[in-house]
Amino acid sequence: MQLSAYEIKKQICEAGHKLYSRGFVAANDGNISVKVNDNEYYCTPTGVSKGDLTPDMIIRIDGKGNKLEGKLNPSSEIKMHLRVYQERPDVTAVVHAHPPVATAFTVAGIELDQYILPEAILTIGNVPTCEYGTPSTMEIPDSLNPYIQKHDAFLLKNHGALTVGCNLQKALFTMEEVEFNAVICKHARELGKVEEIPCEQLEKLMELRKKMQIPGRHPGCKKCKNLGTANCRCKHNGEDHKCTCGSHSAPTANSDVVAEITKRVLAELNK
């Protein structure tokens, strides 16, 4: 069922309120957009706190960012939203925010690319960090290009995060998942160790991603950054891969636990 203009605007406001209340944006940071058709989009205005949004503030723009309706003006960062819509016909909503921990990873120059939570693997995979770009310019949309086709979540170096989805709720949930995954990873680092899900279990989760038609994939053992190190997990389907690490003693996650968590995640996603 197609939503009315007012319902779309209301959903955008509610998403903005959630971003603000959860500390994902401060002041007038962040922006949200929803696709109506191939040349019309609703988006948040510039200069307004996401915690204060009301439906009458939401703007309608065309595919070039020109204002079609609304008293206020669209954010200059709408360019990166439009780039996503141009490259990904399956996307109907985009959320940009500054989740603190995930953003801190980009400031520290640490990639958020470790596979540590089954839920995160199924919903977001690994999250690439795009090259730094000057806000409001085409540098940020251009920085997305290498990753747009295979990811639904992107970290923007020293700038925040961008998430996309087939609807606004999905894009918002993905933003929450990015930050939650970053928080868990940060805590694990503080405790002294980040233990990734082993390769053989990771491949099973990636197969589920394919069945769920979620973009992104495991890079495979040959491209794994742990290949040839003491952290290498070189077993798959009960057989050792040929590898130079010389050690297969790294601890592995309990397969029954991974299977049970995966089962519960799929059940929730299918509700």
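**Figure 1. Surroundings of Thr174 in the predicted model.** Setting aside neighbours within four places in sequence, Thr174 is in contact with Ile124, Asp152, Ala153, Thr163 and Val164. The structure shown here and in the other views is a predicted model. Thr174 belongs to helix α6. Its relative accessible area is 2%, so Thr174 counts as buried, the cut-off being under 20%. The side chain of Thr174 reaches the backbone oxygen of Lys170 at a distance of 2.9 Å.

**Figure 2. Packing of helix α1 against helix α6.** Helix α1 covers residues 5-21 and helix α6 covers residues 168-191. Their axes come within 11 Å and cross at roughly 10°. Because angles under 35 degrees count as roughly parallel, α1 is described as roughly parallel to α6. On the α1 side, the contact is made by Gln11, Ile12, Ala15, Lys18 and Leu19. On the α6 side, Leu168, Leu172 and Met175 take part. Sorted by class, the contact of α1 with α6 consists of six nonpolar residues, one polar residue and one charged residue.

Figure 3. Helix α2, residues 78-87, is mostly covered, with seven of its 10 residues buried. The buried residues in α2 are Ile78, Met80, His81, Leu82, Arg83, Val84 and Tyr85. Arg88 lies in the loop between α2 and β5 (93-97). The relative accessibility of Arg88 is 4%, and this residue therefore counts as buried. A polar contact of 2.9 Å joins the side chain of Arg88 to the side chain of Asp90.

**Figure 4. Gly65 in the loop between β3 and β4.** Strand β3 spans 59-62 and strand β4 spans 67-69, with Gly65 in the loop between them. Apart from neighbours within four places in sequence, Gly65 is in contact with Pro74 and Leu82. Leu82 is one of the buried residues of helix α2. Gly65 and Glu40 are 25 residues apart along the chain, and their C-alpha atoms are separated by 9.2 Å.

**Figure 5. Two loop residues with positive phi.** Most residues other than glycine have a negative phi. Ala27 has a positive phi, near 50°. This residue is placed in the loop between α1 and β1 (31-37). With a relative accessible area of 53%, Ala27 is exposed, since the cut-off for that class is over 50%. Asn158 also has a positive phi, near 55°. The loop holding Asn158 runs between β7 (153-156) and β8 (160-165). Asn158 has a relative accessible area of 40% and is classed as partly exposed.

**Figure 6. The protein chain as context for the close-ups.** Eight helices and 10 strands make up the secondary structure of the protein chain. The chain has 271 residues, of which 45% count as buried. Among contacts in the chain with a separation of 6 or more, 64% are between residues 24 or more positions apart. The chain exposes about 13800 Å², and carbon and sulfur atoms supply 52% of that area.

How values were computed
Residues are numbered from 1 along each chain as its sequence is written. This is a predicted model: local features need pLDDT of at least 70, side-chain atom pairs count only at pLDDT 80 or more; totals for chains, interfaces and linings use all residues. Side-chain values use heavy atoms; hydrogens and water are left out. Axes are lines fitted to C-alpha atoms, for helices over the stretch in contact, and angles run from 0 to 180 degrees between N-to-C directions. Helices (H or I, at least four residues) and strands (E, at least two) are DSSP runs, numbered from the N terminus. Angles under 35 degrees count as roughly parallel, over 145 as roughly antiparallel, 65 to 115 as roughly perpendicular and the rest as oblique. Contact means heavy atoms within 4.5 Å. Ala, Val, Leu, Ile, Met, Phe, Trp, Tyr, Cys and Pro count as nonpolar, Asp, Glu, Lys and Arg as charged, and the others, Gly among them, as polar. Buried means under 20% relative accessible area, exposed over 50%, partly exposed in between (1.4 Å probe, protein chains only). A polar contact is a pair of N or O atoms within 3.5 Å; within protein, one must be able to donate a hydrogen and the other to accept it, and residues adjacent in sequence count only if both atoms are side-chain atoms. Accessible areas come from the Shrake-Rupley method with a 1.4 Å probe; for residues, only the protein chains shown count as cover.
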